[in-house]
Amino acid sequence: MKKYIIISLITLSLAGCKKELEVVNPNVITTETFWKNDADFQSALAATYKVFRDVNNGYWGVRGVELTNGRGDDFFIRNDVQALYQLSTFTNTPSTGTPSSIFQGAYTGIFRANQIIENAQTAPISEESKKQYTAEAQFIRALNYFHLAINFGNVPIITTVPTDKSQYFQPSSPEAQVWQQIISDFTAAKEGLPESYDEKWVGRATKGAAIGYLGKAYLYNERWADAENEFKLLMSAPFQYDLRPNFADNFRPEFDNNEESVFEIQLQNVGGVQPWAGENANEALGVTTAQEFAPTEVAGWFEVSPTDTMFVEFEKEKTITGDYDPRMYASIVWDYPGAMYYNRPFKEFKLVFGYQSMIRKYQNWWNDNEQPNGNYISEINEKAMRFADVLLMYAEALTMQGKVVEATAPVNRVRDRANLAELPATYSQDEMMAEIRHQRMIELFREGHRFYDLKRWGLLEQEIKNSDKVGREFFDPARHAYFPIPQNELNTNPNIEQNPGW
Amino acid sequence: MKKRLQILLWISCLCITSVAYAQNLTIKGRVTSENEAIPGVNVVLKGTTTGTSTDMDGNYSLTVPDGNGTLIFTYIGYTPEEVPINNRTTLDVSLVQDIQTLSEVVVVGYGTQSRQSLVGSVASIKAEELRTQGVNTIQKSLQGRVAGVNIESSGGSPGSGVRILVRGTGSFNNNDPLYIVDGVQVTNINNLSPSDIASIDILKDASAAAIYGSRAANGVVLITTKTGTKGEPRIDFNVYAGLQSVTKKIDVLNASEWARVSNAAHDAAGLPRLDIAQNPESLGEGTDWQSEIYQVAPTQSYELGVSGGGDNFTYSLSGGYFDQNGIVRKTDYNRLNLRLKTDFTKGRLKIGESVILTRENWRNMAGGWGGQGGNPVGSATKMIPVFQVYDANALGGFSGASGPVVNVANPVAQLYLEDPTVNTNTVMANIFAELTLIDNLKYKYNVGYTNTFGYNYTYTAPYQVGALFQNLNSDLSESRNQTSFFLQEHTLAYDKAFGRHNFQALAGFGLQKNTFRSLNGSRSGMPGGLQVLDAGTTNIASGGLARENVLESYFGRFVYSYDQRYLLTANFRRDGSSRFGRAYRYGNFPSLALGWNLSNEAFYEPFRSYVSQLKLRASYGLLGNQEFDDYQYVASIPGNLNYVIGRDQQLWVGAIQQAFADPNLKWEESESINVGADLGFFNNRLSLIADYFIRKNSDLLLRVPLPLSTGSTVNPVVNAGQITNRGVELALSYNQEINDFSYQLTGTFTAIRNKVDQLGSGSQQISGGQPTHHGSSATITMAGQPVGTFYLIKTDGIFNDTDEVTAHSKEGKLIQPNAQPGDIRFVDANNDGIISEDDRVNVGNPNPDFSYGFGGNARWRDFDLSVFFQGTHGNKIYNGLRQDLEGMTLEFNYGKSTLNAWTPENPTDFPRAVINDPNYNSRTSDRFLESGSYLRLRTLQVGYTLPKALLERVKITSCRVYLGFDNLFTLTKYNGYNPDLGRYSGGTSQGIFDRGVDFGHVSYPLARTSMLGLQLSL
């Protein structure tokens, strides 16, 4: 009797239970069912682009903007978020959080791009689609490596999706090899990407963007002729890039994706409503940067300020009508007659850091505050590369080859828009470089270029020590030209070595 | 239940019966206890082998040679009685229940065993020991009472959970034991009313726990609720009321002191002083933020129960209400309980159930407001005392911080403006039908069901608090979730005794399904104080998710004993879990335990006068652990990784693989060896249970932190390591009775050595415990060291002058180039000429060398006293709050100790104040590591029982009043709120790697409680 019962119970249950243990995740699909059609690849691309605007890890999220600008002689970051204060005052260590986040964000983009590149080879999609998605992913991958190269130098080069645990732990490659990877990817992207997209796909990487970044990569490697050749392509058909007549338009949401835009990060309040929700449906699809930079009088968090070094640079040259450079008005606000800021006279704002100005560029300063949606997010697209930047890089590539006269025209295009007098065609190479340096500083303020330009030009130590930047006394060029490999990477990756100087 | 148990014991005693010889005198009688018959009592003529045992009605009949001898009556769980015959032919005896541990009955999985025949390691706590001490959860009252079980209470938050570690940290995942209440698995036992509990049995070693197989690797806590007994209804009423107050506040600066330190710090850095600190003398005391948030808080409890039974049934019904206000303003907890347990017998069939309904409500402490103060307790220490609490003109009514200071929120505003409420309704039901198929063979079908309905509600009123915190729209978020366990079990139990052999066999099959589903929504902009989602206008969000897992189990147990001398218990369990891939789904978990009751051997007789009882035990077994997240063996493609696209900037829905998955995930295994001895001295007045164990957990399921360079944003679960815990546990108790005075002393001692044998790829390290809002981690977990070992840069005093700074160099290069006199000298441990994270060295670990508890109960006439101490020794704590408050690098308030900061005129051992801290004096270092040893007077209770004579007139059976105190004092050198950290995060790996790190910004200080209570029985 006992036996029968046991046997019948067990057989009953066995029959019932094999299936019971097959439980599938009701929340997500799996790798087994993905990568089957164009829609899958398109959504994978969205998930790869999006990392650029991630609030903590994105290069154009608030922390990214603070990291790229924070170490320049033009920027001050207040003592609130310790990691930012440390990196901006050159007292950062490998444990400082923000560089670690940016490092992680870059590799998140790379991991995702690698998935697209690998899966496109085998997926049942058209050859045309394969080429498009691969090229687009290569562009994103190269851009992430570009950020790694200029910030960290020697980093691991990962171009495949790991299939085994042992592949999680990659050693660093020398910076030169990282640049080879960048140039190779941008070159491939240049070949595979279209010149433009339908209206509904505006914002994805174009051939022009790949060319611009390829030129920029050459410029950072002082391959002037190669750089010139790339930038030159963007000066004429089929490309239609031009400067926006009004400089300030570039930093208003209604002029997103304008004719001056080579590549920009798409931001809009169309997703979730929580800036810090993480990667899910609640994640807000704008950035909190404007809220973080806004003054306390409008409930902003006043994390940054332009230095007076920057202020003086803006004041250097007046327009042909004797006014301040329109880029000065568009970039900062100070106590000039009639100055308005967030619909209040500027006089009502208190300058708390001892500097004379506040930041206007990329702020929604025409509103009453930075919370019109109630959730701190700004919809002004971050301009990753503007045509003005291309013009100045083009001019630099020419000048560095001694083609100073040829460089005059692109510099003058930038000066004309700012209502400055035309440059004479008599500048020496040094004079022209000095002009380009000055123009880059004021044209591209807060766009994340200053520190890296100074590094290219070998002027980091000189300019930082000569500025009024807080923490300049701690700047050590051997150490601070690059960030250290983050402690979180060292803690988890036995094959990686710390950068020299750290 | 009790009856079944008695039958079982009666059977087990048959083997001791023997044959009578001569026919001189026949003695008859009945053995009872509290007027109830006891079957199976062993009756022996002293000094002979002549004996018998009582029948089902407690009657016995024994023939002895003459009328001069003495009869000995023994029965497990009762004090033996010796009665001289004195030529009587009728001898009725009343036995007294013996609460000594050595002769008790313990609950093991799917049944009970007598302590005598038990060979596994099981700790038992009876109801009397749990007599509520004003603590709101059962686990807190267990602290220090069970050897080998470490209970860490996370402070005084009303209705909060605790961390229970049975025999050390064995897993990187969930270290919670398995909780079984009346046969049903539950996720936690916080919601039970302590007075509903009859016993708690903690299965510690593999032999005891293996019947629960895969879920038992962290130990098993079996809770049995009270059952009725046959007889007239008994009505119990318990009530108490008490007051709680905060045991400790942190010493911080007042307004003018803060301004002085702040100015010194800015001056030293060459940076302008803060405007608000300009005139220190004029600022006075300022706001004492800590006094603003704490209160003396009442607590109260009422419980009413009725129990009883008839010939074929028993019942126990109880209900209770518990209410506790928090010592932090606006926080509170209350609980309603209703419980029914009955069983009915008809012929061969017995049907019974246990149903527990609870409703719990929490008003939690508000969280951080995105600033850097943390929760209100954290903010209260960091908020600059210059700022005001209230501002009648501001939206919301509160003032707050403004200007270039760190955004620390006004803690009072946090408490009042944010209302985070949680409700939980729990249904726990177990229904069984037991059929006696043939004699000694029982089939039981058991359905267990628990359902927890959770509801979270957080409303934030519109506010403008100072300049830094603004929330112009009211916010409301609500979520509901449902967790259910559904368990079906079939068991066959067979008990048989013949001669001196005694068998117990059990076979069973179980299927358990766990499901979870949640739904949430939030909106902002409800006008006019409305607090429903439909009234909201902006920030509309919703979400939900579901999870499910299934566990299928086959299990069996075989218990054999011979003559109460040789004992054997074997368990086997085979579990299949949906959490693993097809190839690794099933795990087999066997165990074997052997025991030897030396004191029952004939040759032992000469030793009995020294050691009255001696049993040796040894066990070996394998257990499993599958307590990690569902669906981890297959990589997923999460959706909603969204971006924006198009000329008109539309939502672009994204999806991609975010993380890696290991398809070869398999069971985490726990192999354990236990040797132990149960000893009794002085006629078992003194008892000692001693155990030594080795618990080796291998193939640990671990979310391995991957290099950032993999680009994975979620760490994958892999089998990646091995941890061994070795330990000694002692439990001691002594009972003595002298006339009107009786007392019991108890003590427990636990020493556990924890070591990671292997981790990940070999050199894998897991960093944990970032002690402050920003900054580096304090612990490393790696092979060769305990989990969560502190690795910190060592400090070596203060540089008193520039010569000392210069002297601290390597090959002519300064080791600390940014240092100035007054800064800390750090130890360049790896001798590479710079101070970096590579200079971290092992400076201790969060595990105590030993933990202990001791106390006593005493009774003199109608008065009783109980006192209990508990503590740990040798553990370290990283004081994260002190790192914040003594850093002087950020613009918030500082600790009192900063007044003693180094200056050239006053060269102290406390580093100088300098706001930009170029030398990183405030970095994570051994400067903030402290001893965590403590001794706490956990409870003190004095009671008075009213005389029976008085009560009989008003028909009251018993009545006791008492005065009790919890946490009267703690002796410790630790500077934080409470050395007993136990930050509990609901059964996740969170908190295992930072177990010894005190996160000041999320804590809730401990409360001291005084209470007055009444216990009444009719």
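Predicted model: local features only at pLDDT ≥ 70, side-chain atom pairs only at ≥ 80, totals over all residues.

Student: OK, where is helix 13 of chain A, and how many residues has it got?

Tutor: Helix 13 of chain A covers residues 387-400, which is 14 residues. From its first C-alpha to its last it reaches 20 Å, close to the 20 Å expected at 1.5 Å a residue.

Student: And is helix 13 of chain A mostly covered or uncovered?

Tutor: Mostly covered: 14 of its 14 residues are buried.

Student: What does UniProt say about chain A?

Tutor: An unreviewed UniProt entry places a feature called "domain: RagB/SusD" at residues 260-502 of chain A. In the model, residues 260-502 of chain A are 35% helix and 9% strand, with the end C-alpha atoms 40 Å apart. UniProt also has "domain: SusD-like N-terminal" for residues 37-219 of chain A, again from an unreviewed entry.

Student: How much helix and strand is there over residues 37-219 of chain A?

Tutor: That stretch is 61% helix and 2% strand, and its end C-alpha atoms are 38 Å apart.

Student: Which helices pack together, then?

Tutor: Take helix 6 (residues 127-152) and helix 8 (residues 207-220) of chain A: they pack at an angle of about 25°, with their axes 11 Å apart. Angles under 35 degrees count as roughly parallel, so helix 6 of chain A is roughly parallel to helix 8 of chain A. Their crossing is left-handed.

Student: What about helix 8 of chain A by itself, what span should it have?

Tutor: Its 14 residues should span 20 Å at 1.5 Å a residue, and the end C-alpha atoms are 20 Å apart, which agrees. Helix 8 of chain A is mostly covered too, with 13 of its 14 residues buried. After helix 8 of chain A comes Glu222(A), whose phi is positive, near 55°.

Student: Switching to chain B. How many strands are in the sheet with the order 13-18-19-16-17?

Tutor: That open sheet in chain B has 5 strands, and the pairing is mixed. Its edge strands are strand 13 (122-126) and strand 17 (184-186) of chain B, each pairing on one side only. On average, neighbouring strands of this sheet are turned by 25° against each other, direction ignored.

Student: How do strand 16 and strand 19 of chain B run?

Tutor: Parallel: 4 bridges join strand 16 (residues 178-181) to strand 19 (residues 220-225) of chain B. Leu178(B), for instance, has Val220(B) in strand 19 of chain B as its bridge partner.

Student: Last one: what does strand 33 of chain B pair with?

Tutor: Strand 33 of chain B runs antiparallel to strand 32 (residues 566-577) of chain B, with 11 bridges joining them. Another 7 bridges join strand 33 to strand 34 (residues 613-625) of chain B, also antiparallel. Strand 33 (residues 586-597) of chain B has a covered face, including Phe589(B), and an uncovered one, including Trp596(B). Trp596(B) stands opposite Leu616(B) in strand 34 of chain B.

Conventions: Residues numbered from 1 in each chain as written. Chains lettered and ligands numbered in written order. Pairing = 2+ DSSP bridges. Axes fitted to C-alpha atoms, helices over the stretch in contact; angles between N-to-C directions. UniProt positions renumbered as here; feature names shortened; annotations may be inferred. Expected span 1.5 Å × (residues − 1). Buried ≥ 20, exposed ≤ 12 C-beta atoms within 10 Å, placed from the backbone. Parallel < 35°, antiparallel > 145°, perpendicular 65-115°, else oblique. Left-handed = near helix turned anticlockwise from the far one by under 90°.
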